[in-house]
Number of protein chains: 4
Amino acid sequence: YFLSDIVALKPAVMGEVTGAELIAEALKTQKVEYMFGIVGVPIIEVAMAAQAAGIKYVGMRNEQAVEACRLYSKFSARPSSLEAIPSVIEKAVRTSIYGRPGACYVDIAGDMVNAKVNRISCCPPPPVSLADHSAVTEAICALKAAKTPLVIIGKGAAYGRAEALLRQFVEISGLPFLPTPMGKGVIPDDHPNCVAAARSRALLQADVVLLFGARLNWILHFGLPPRFNPNVKIIQVDLCAEEMSNNVKSVALLGDIGAIVTQLLTCVREHGWKYPSSTEWWGSLKEKIAANAEISKGLALNTTLPMNYYTVFHHISQQLPHDCVIVSEGANTMDIGRTMLNNYLPRHRLDAGTFGTMGVGLGFAIAAAAMEKSRDKSRRVVCVEGDSAFGFSGMEVETMCRYNLPVVIIVVNNNGIYSGLDPEAWKEMAKMGDLTSIAPPVSLLPEARYDQVMTAFGGQGFLVRTAEELKSALELSLSDWDRPSLLNVLIDPSSDRKQQVSAAL
Amino acid sequence: YFLSDIVALKPAVMGEVTGAELIAEALKTQKVEYMFGIVGVPIIEVAMAAQAAGIKYVGMRNEQAVEACRLYSKFSARPSSLEAIPSVIEKAVRTSIYGRPGACYVDIAGDMVNAKVNRISCCPPPPVSLADHSAVTEAICALKAAKTPLVIIGKGAAYGRAEALLRQFVEISGLPFLPTPMGKGVIPDDHPNCVAAARSRALLQADVVLLFGARLNWILHFGLPPRFNPNVKIIQVDLCAEEMSNNVKSVALLGDIGAIVTQLLTCVREHGWKYPSSTEWWGSLKEKIAANAEISKGLALNTTLPMNYYTVFHHISQQLPHDCVIVSEGANTMDIGRTMLNNYLPRHRLDAGTFGTMGVGLGFAIAAAAMEKSRDKSRRVVCVEGDSAFGFSGMEVETMCRYNLPVVIIVVNNNGIYSGLDPEAWKEMAKMGDLTSIAPPVSLLPEARYDQVMTAFGGQGFLVRTAEELKSALELSLSDWDRPSLLNVLIDPSSDRKQQVSAAL
Amino acid sequence: YFLSDIVALKPAVMGEVTGAELIAEALKTQKVEYMFGIVGVPIIEVAMAAQAAGIKYVGMRNEQAVEACRLYSKFSARPSSLEAIPSVIEKAVRTSIYGRPGACYVDIAGDMVNAKVNRISCCPPPPVSLADHSAVTEAICALKAAKTPLVIIGKGAAYGRAEALLRQFVEISGLPFLPTPMGKGVIPDDHPNCVAAARSRALLQADVVLLFGARLNWILHFGLPPRFNPNVKIIQVDLCAEEMSNNVKSVALLGDIGAIVTQLLTCVREHGWKYPSSTEWWGSLKEKIAANAEISKGLALNTTLPMNYYTVFHHISQQLPHDCVIVSEGANTMDIGRTMLNNYLPRHRLDAGTFGTMGVGLGFAIAAAAMEKSRDKSRRVVCVEGDSAFGFSGMEVETMCRYNLPVVIIVVNNNGIYSGLDPEAWKEMAKMGDLTSIAPPVSLLPEARYDQVMTAFGGQGFLVRTAEELKSALELSLSDWDRPSLLNVLIDPSSDRKQQVSAAL
Amino acid sequence: YFLSDIVALKPAVMGEVTGAELIAEALKTQKVEYMFGIVGVPIIEVAMAAQAAGIKYVGMRNEQAVEACRLYSKFSARPSSLEAIPSVIEKAVRTSIYGRPGACYVDIAGDMVNAKVNRISCCPPPPVSLADHSAVTEAICALKAAKTPLVIIGKGAAYGRAEALLRQFVEISGLPFLPTPMGKGVIPDDHPNCVAAARSRALLQADVVLLFGARLNWILHFGLPPRFNPNVKIIQVDLCAEEMSNNVKSVALLGDIGAIVTQLLTCVREHGWKYPSSTEWWGSLKEKIAANAEISKGLALNTTLPMNYYTVFHHISQQLPHDCVIVSEGANTMDIGRTMLNNYLPRHRLDAGTFGTMGVGLGFAIAAAAMEKSRDKSRRVVCVEGDSAFGFSGMEVETMCRYNLPVVIIVVNNNGIYSGLDPEAWKEMAKMGDLTSIAPPVSLLPEARYDQVMTAFGGQGFLVRTAEELKSALELSLSDWDRPSLLNVLIDPSSDRKQQVSAAL
């Protein structure tokens with residue numbers, strides 16, 4: 001999956017039907033398989049032409065990100081004539097997948113006349129480059145000299161499809177690794193070298209950090225103290241030169257991630273080197289992992305009702321198939337879920353937080369499920385949403401029902417944003433005056449029945465208060481391949497992540 | 001109501017709490033009574049400070065228009081220091097209500113330090129100007145010479161609060177008039193001089209058209225043939241010089257609409273002139289009105305099931321209180337509803353179509369209902385939505401339920417956009433293959449239970465198939481002042497406006 | 001003059017010649033008489049077509065403001081087809097002259113095909129509106145109650161062509177007045193009621209200020225202390241509602257300035273009121289004017305060499321014809337020149353400082369001189385430039401020579417920006433090392449011969465060091481109507497405005 | 001040279017002097033040696049602080065490209081606090097030299113308070129990557145199979161400092177090569193393998209084209225027919241993935257150009273392959289080169305007066321030292337000069353045409369000459385300008401004179417843009433009426449004395465009409481290292497490039 005090939009298209013009314021046909025044909029040539037849109041006068045003909053050309057069309061209910069697309073896209077164009085459409089679409093598709101992947105935006109005006117059109121063929125696969133040999137050697141020397149080395153695997157490794165090579169590298173080198181949110185699953189989260197459960201200690205005490213396709217941005221605390229060792233040596237493996245030495249000086253291995261992992265592997269094998277599993281560093285990390293596991297287990301097996309986040313995610317993680325696609329958005333829900341729900345395959349997680357925009361989760365889930373539907377052996381799409389996040393685009397459950405897309409939505413519902421009120425407290429407050437004057441801005445309606453929003457359109461809905469109800473509802477949902485389900489999981493509205501997390505990590 | 005005083009505010013994290021207090025105080029000084037927002041980290045403190053300052057806060061579920069606001073706003077600013085906030089907010093509020101009303105946008109950065117702040121007082125009411133006497137005389141001469149005159153009342157007349165004066169003018173001058181969508185209710189739609197039911201003929205055959213606060217844009221077909229007489233003389237009354245002679249040369253009466261109506265009234269009275277009710281023009285218009293009424297009545301009283309648009313709106317119009325606020329968005333739903341649902345008071349209609357953006361209707365209804373709640377004698381807010389339009393922000397029914405805002409939502413549901421399929425046809429199609437390949441892009445899920453989206457959050461929901469069910473559901477909804485209701489009115493999915501309208505108008 | 005009708009046009013290569021003809025014809029229809037451009041491939045055909053259509057074309061050397069135009073223009077459009085060009089050009093011209101005047105920008109793409117075109121006629125003159133009667137009454141009452149009233153005349157009064165009426169108003173009311181830089185000449189600067197020479201005192205002590213088309217921006221110190229009386233009552237006459245009560249609450253007389261002056265005059269006459277010339281206020285102002293005149297005279301008649309700014313401007317002011325057009329840009333040169341060079345006619349001054357962009361002066365002078373050339377009795381265009389300002393577009397003297405435009409350029413040359421070095425000091429410094437390491441950033445080449453830049457292209461050039469040389473050179477320049485002249489007036493490079501001004505004002 | 005490290009800085013007034021010092025120090029840390037600016041209030045302190053920190057400052061007369069910089073820059077930022085300045089400047093410098101080089105823009109607001117600042121060190125040199133081995137092999141196979149191969153050397157090869165390696169590659173492989181305008185000099189233009197004089201034939205008949213750092217844009221006719229063989233095989237060596245297969249599918253060698261040339265060389269050596277010098281292709285190219293040389297020689301040795309372009313450039317090329325830096329802008333002047341003036345060293349040509357903006361030439365020449373001044377053995381900077389191009393920034397000759405920068409400017413003066421009129425024709429035309437109505441838009445003043453613009457500021461000026469005068473003037477100019485010179489070379493104003501070129505190439 002991944003959004004590496006999204007091309008937003010904004011077509012306007014065409015002077016003649018041929019305009020729509022032309023767009024559809026150009027998309028088909030570039031091997032676009034799916035089109036997502038909101039139907040309005042201009043797009044209807046394009047959607048029909050796309051279907052006629054063999055492209056699948058999914059009509060959405062609200063496509064709020066389009067304008068955003070244009071502003072933040074890697075390439076944005078407005079063909080000045082019909083005959084320019086095929087080459088502009090080729091350029092958009094090519095630019096979206098060459099170099100650092102990114103969305104592109106094509107705005108097609110309405111009042112263009114028809115004309116003869118050149119044939120454009122599909123663009124070739126992205127080119128590949130290798131790291132400079134001296135940089136590779138420098139990196140290996142640094143790793144060999146390291147006392148407390150750490151590998152970090154980012155989404156660039158997933159985009160670059162480097163999973164098999166990276167796993168080899170981690171196993172042969174014996175190094176501990178951490179994934180970033182979108183790097184989860186490149187190597188399975190339950191791999192013995194994964195030290196995600198000791199993330200803070202690993203970042204803070206590492207003396208050499210080897211990054212594969214992970215940027216030194218806010219997600220990695222910019223590579224700076226107090227979260228990183230001030231004397232840490234950073235090695236960056238990335239295809240984007242401009243990311244190198246960003247915030248912190250680094251050894252720069254510029255090029256395709258898979259190709260560079262091969263270079264590193266060759267070196268490691270030649271040197272016959274492996275980081276020993278008996279070091280103090282491994283001991284310290286494993287001790288922390290074990291301690292954290294104990295705390296998490298305590299929270300997870302807590303039987304107090306309403307449930308807390310850890311209990312909920314513990315039971316979900318027990319039941320999810322390893323090959324499922326996990327989409328997630330929210331605040332606590334996304335943050336805690338990221339640590340509690342394992343990924344076992346690369347490109348099987350869409351973490352809305354990376355994009356910073358709430359409301360994209362259901363759209364991602366629909367896209368993933370529509371693509372799965374056309375596979376021989378399709379996989380589950382599970383969408384884990386905070387209750388506030390679900391509100392941004394909750395009406396898209398109608399789209400799932402309309403196309404029979406068997407998405408499993410789990411709304412972790414704490415009656416609010418960050419925290420909410422329980423029904424009794426809410427009722428008492430309502431008696432005291434106008435709620436617009438006194439209700440906490442973070443509160444939503446207590447025990448809102450999001451599950452009924454799903455049943456309204458023919459999907460399955462479950463109201464879940466206990467671990468047993470959660471287990472049973474999830475089992476029923478996962479066994480139904482014909483329609484979507486929504487689990488409305490009520491948790492303790494006053495529970496706050498901080499107290500739990502400070503203990504846990 | 002009206003959106004004449006919307007100021008979008010985008011505050012970021014403040015260095016100290018005083019930042020939030022400062023914003024709240026500045027809004028209070030400018031007499032802002034309500035604040036609408038989406039809660040996230042930065043806005044929470046501002047929302048709480050606003051409540052503490054006596055401003056009511058309504059937390060929404062999805063505020064997609066904010067970015068749009070900034071792009072299309074009349075004034076946009078980013079205060080460079082905390083002490084600049086009060087004067088920037090004053091400027092934004094003032095600019096939004098002076099001259100042509102429009103939204104303003106204030107973006108407040110997070111990392112500003114505190115400082116001493118100047119006191120800014122609330123801005124005075126907007127200034128008023130009059131038309132040039134010679135232009136007034138020219139206008140009156142043109143009207144006196146006209147054989148087939150027509151008055152058009154636009155939203156500028158509503159913004160300008162010119163209703164009492166305009167009614168006097170229409171009655172004393174004896175002229176036929178038409179409202180634009182947002183001008184409806186400035187004079188009641190059932191006024192004997194209203195010729196809205198003969199709109200096309202009136203526009204086409206008028207020889208002199210007098211516009212009050214109505215722009216010559218696409219809503220009025222730019223004032224051009226084939227919808228207007230090519231030799232029509234246009235008189236424009238508007239406070240915006242740049243609108244004058246836009247597309248068509250006109251006699252320009254520049255200034256405050258109320259003040260200019262007074263000037264015109266004085267002239268008409270001095271001349272002792274009145275357009276006779278016995279003219280051929282009045283005869284022709286009345287004949288057309290009667291004929292259209294007959295056709296509408298036929299459609300409205302048609303008892304075939306599923307119902308058509310006219311039947312639905314006919315029964316709604318029978319029951320709505322005259323002082324209700326009507327919000328509407330959609331395609332056919334909005335267009336036909338506009339002709340069938342009368343407005344009797346100015347500024348009691350919010351017609352989403354003018355803004356061109358789907359998804360704003362429920363937000364408008366919430367704003368209106370929240371304001372009504374604080375009035376002594378509150379009025380009904382009725383929100384008439386197409387089913388596709390409802391999908392853009394349907395989750396806002398949770399907001400209505402949360403704050404006990406008794407909005408009546410009527411979803412006119414034809415299972416699609418422009419038109420849809422009935423459940424049987426849909427099922428047959430689903431058997432034929434993957435729906436993403438074959439389902440018409442305009443189709444939505446047949447008989448989707450939007451009413452259950454309302455009951456999911458504790459409001460009333462009604463599934464309506466017949467006129468009797470409609471009548472009874474609307475009665476129940478209108479009698480409940482404690483919570484919102486949603487009527488999911490199923491109509492004939494294959495019915496198309498065109499065939500009906502071509503007959504009707 | 002004035003820039004009220006500038007429409008920047010950026011045409012690109014046309015598919016066929018008819019594109020250029022279409023633009024030329026549309027401009028002609030809108031009564032555009034002059035076109036200014038920089039010739040490159042795309043514009044040549046448009047320029048030739050414009051000449052063929054009877055529009056005069058002036059080819060410039062560097063048109064750096066075009067991109068700026070687009071960013072700051074009141075209206076900006078890109079016609080999507082050839083047939084849209086005439087109506088877009090009409091809209092641009094209309095928008096530039098209706099409401100508050102402003103530049104408009106039309107960007108015409110190159111690759112458009114030909115099509116049939118609708119006939120668009122020239123837009124009518126701007127509409128006029130009057131002030132509300134009650135606001136007029138309030139203004140008159142405030143003036144009658146004032147002890148220390150002041151009138152300020154801004155560029156809006158000049159744009160509005162209100163000069164005759166304003167002069168009547170000032171004379172009948174007996175009020176003291178001040179012009180803003182671009183309001184100079186609406187009433188002659190030497191009018192007995194003009195108190196420009198006591199500007200600071202007048203602003204500071206006025207209790208009622210009546211503004212005609214002057215904005216409360218930085219030029220008027222925002223109407224705030226410490227430059228204004230904190231209790232001052234402001235009356236604003238302006239056609240732009242949004243300017244009203246900007247920074248300071250005011251009585252707002254909204255509408256056409258000429259029309260409102262008529263309203264005020266009627267009132268003043270009815271009341272038979274006149275502000276007496278025997279007041280303390282008049283006494284105080286006249287005393288200050290006399291004192292400042294004495295100081296200026298001292299500086300002006302100072303015979304030390306090199307000359308100072310006041311001596312230079314004194315002698316220039318003695319010789320300039322009263323009907324000349326004065327263009328000015330620079331720092332001290334523009335500021336001091338504004339106080340020392342009188343304007344006697346409205347719209348005869350183009351003060352580059354209002355636009356904030358250096359380098360526009362010579363372009364303005366060329367435009368003015370080209371228009372003068374086609375008049376029966378043409379007037380002098382005099383361009384007063386600082387030496388740094390002249391450098392921005394000095395090559396435009398070739399344009400003046402090419403078209404025989406008899407502009408008189410006076411470069412007031414202090415060898416730098418704000419201040420410079422004399423030739424000896426410069427030579428000494430050059431001996432000390434690399435000038436890029438040690439030369440003061442504000443220094444330019446001492447005694448640069450800007451006069452020879454003019455003679456290089458066939459104009460007259462004069463190097464001026466003394467008052468006698470200045471007198472004689474200016475006499476020769478003003479007597480030559482066939483070619484431009486440049487007076488390179490060397491002044492004391494170390495003289496600083498501040499010391500002189502603190503004494504003078 | 002080259003503009004690979006331009007960082008435009010727009011500082012505003014600082015609250016305290018420390019702001020300016022901070023900027024200066026940050027620039028110094030990033031090893032910035034020169035600062036170019038236009039002095040105004042805000043920049044003075046920064047310029048002085050820069051000089052104090054040991055950075056050289058060159059004050060210009062008109063910096064029109066700054067706003068453009070911001071719009072087209074690779075990175076643009078506005079630090080939100082003083083303490084962010086060093087890291088933002090580091091990021092700007094780093095981004096400008098990492099990946100594809102490009103200008104960056106930093107806008108520093110004025111009203112920031114002081115604060116403690118982190119120490120940021122200078123960014124490391126750009127990282128390097130290699131091409132995928134299989135792509136290298138594919139490229140070598142294609143070259144070996146080629147009948148009519150061609151190498152094209154672009155500015156990327158110059159930026160990448162790959163000159164020594166590329167020369168080895170060309171000589172060992174025996175391939176013919178062409179430079180792009182900015183690739184001239186990477187290998188000397190007089191190298192026996194250079195087929196620039198048969199450019200059209202080489203492009204059209206090549207069956208395999210190997211591009212080193214040259215984009216498939218308009219300068220290379222997009223790699224498409226009719227200028228390229230429709231079946232041509234393209235091999236691209238470039239560090240920018242997004243350029244690969246742009247317009248035409250290609251074999252993509254992604255990475256650092258020098259590193260990839262090394263890879264290719266290794267391969268070529270291993271295979272022991274060399275393209276024979278005895279092929280038909282070499283025969284055909286050499287024959288065309290000889291024929292074109294004959295024609296050029298004919299034009300160059302033509303003794304008719306006024307001179308033509310070829311004569312002028314022939315004599316210039318005879319005298320220019322091989323290590324001089326050539327800056328050029330204009331239309332015919334730049335195009336013909338590019339073919340007639342050889343470059344012998346890489347990064348010794350600044351071809352304004354690549355940037356598309358007229359008026360940058362003199363600024364480039366000043367920057368180059370200022371840098372040369374601080375070298376032990378400085379080289380000549382020669383600026384070849386069309387007369388129209390010179391007009392855009394001609395006043396910068398004062399800057400050259402001020403700092404004693406010995407630039408040699410050669411204005412090739414044809415009295416117009418593309419073509420002009422001779423003095424007699426111009427005088428006749430002037431008698432016929434107002435020149436703004438009848439003068440051809442492309443005409444400038446005949447025989448304008450641009451040389452006197454130089455003498456006005458103390459430089460040397462020469463009016464040149466004959467080959468002898470040209471020779472003598474150039475000799476005098478090149479022998480004077482203390483001040484700039486300008487040769488105003490009058491050529492035949494009616495001469496048009498086309499007739500000459502169609503013969504020549």
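## Chain contacts and buried elements in a predicted model

The contact between chain A and chain B takes 42 residues from chain A and 43 residues from chain B. The structure is a predicted model. Several elements of chain A each supply at least two residues of the side that touches chain B, among them the helices α2 (41–52), α3 (65–72) and α13 (361–373). Strand β3 (56–59) belongs to this group as well, as do α14 (387–393), α15 (397–402), α17 (435–438) and α18 (450–455) of chain A. Sorted by class, the side of chain A that touches chain B has 23 nonpolar, 11 polar and 8 charged residues.

The two chains are related by symmetry. Chain A is superposed on chain B by a rotation of 180° with 0.2 Å of shift along its axis, and the RMSD is 0.1 Å. This is the relation of a two-fold axis. Among the residues of chain A, V453(A) comes closest to the rotation axis, with its C-alpha at 2.5 Å. Because 100% of the interface residues of chain A are also interface residues in chain B, the copies meet through the same surface.

In chain D, attention turns to strand β19 (residues 485–490). This strand is mostly covered, with 6 of its 6 residues buried. In a regular strand the side chains alternate between the two faces of the sheet. In β19(D), S485(D), L487(D) and V489(D) point one way, whereas L486(D), N488(D) and L490(D) point the other way, and all are buried.

| Strand of chain D paired with β19(D) | Sense | Bridges |
|---|---|---|
| β15 (residues 408–413) | parallel | 6 bridges |
| β18 (residues 460–464) | parallel | 5 bridges |

N488(D) takes part in both pairings: N488(D) is the bridge partner of V411(D), and N488(D) is also the bridge partner of L463(D). From β18(D), the chain crosses through helix α19 (residues 467–479) of chain D to β19(D), and this β-α-β crossover is right-handed.

A helix of chain C is also considered here. Helix α12 (residues 332–340) of chain C is largely enclosed by the rest of the structure, because 7 of its 9 residues are buried. The buried residues of α12(C) are N332(C), T333(C), M334(C), I336(C), G337(C), R338(C) and T339(C).

Technical notes. Residues are numbered from 1 along each chain as its sequence is written. Chains are lettered from A and ligands numbered from 1 in the order in which they are written. This is a predicted model: local features need pLDDT of at least 70, side-chain atom pairs count only at pLDDT 80 or more; totals for chains, interfaces and linings use all residues. Copies are superposed by least squares on the C-alpha atoms of residues with pLDDT of at least 70 in both. Two residues are in contact if their C-beta atoms, placed from the backbone, lie within 7 Å. A residue is buried if 20 or more other C-beta atoms lie within 10 Å of its own, exposed if 12 or fewer, and partly exposed in between; C-beta atoms are placed from the backbone. Helices (H or I, at least four residues) and strands (E, at least two) are DSSP runs, numbered from the N terminus. Two strands pair if DSSP finds at least two bridges between them. A crossover is right-handed if, with the strands pointing away from the viewer, the path from the first strand over the helix to the second runs clockwise. Ala, Val, Leu, Ile, Met, Phe, Trp, Tyr, Cys and Pro count as nonpolar, Asp, Glu, Lys and Arg as charged, and the others, Gly among them, as polar.
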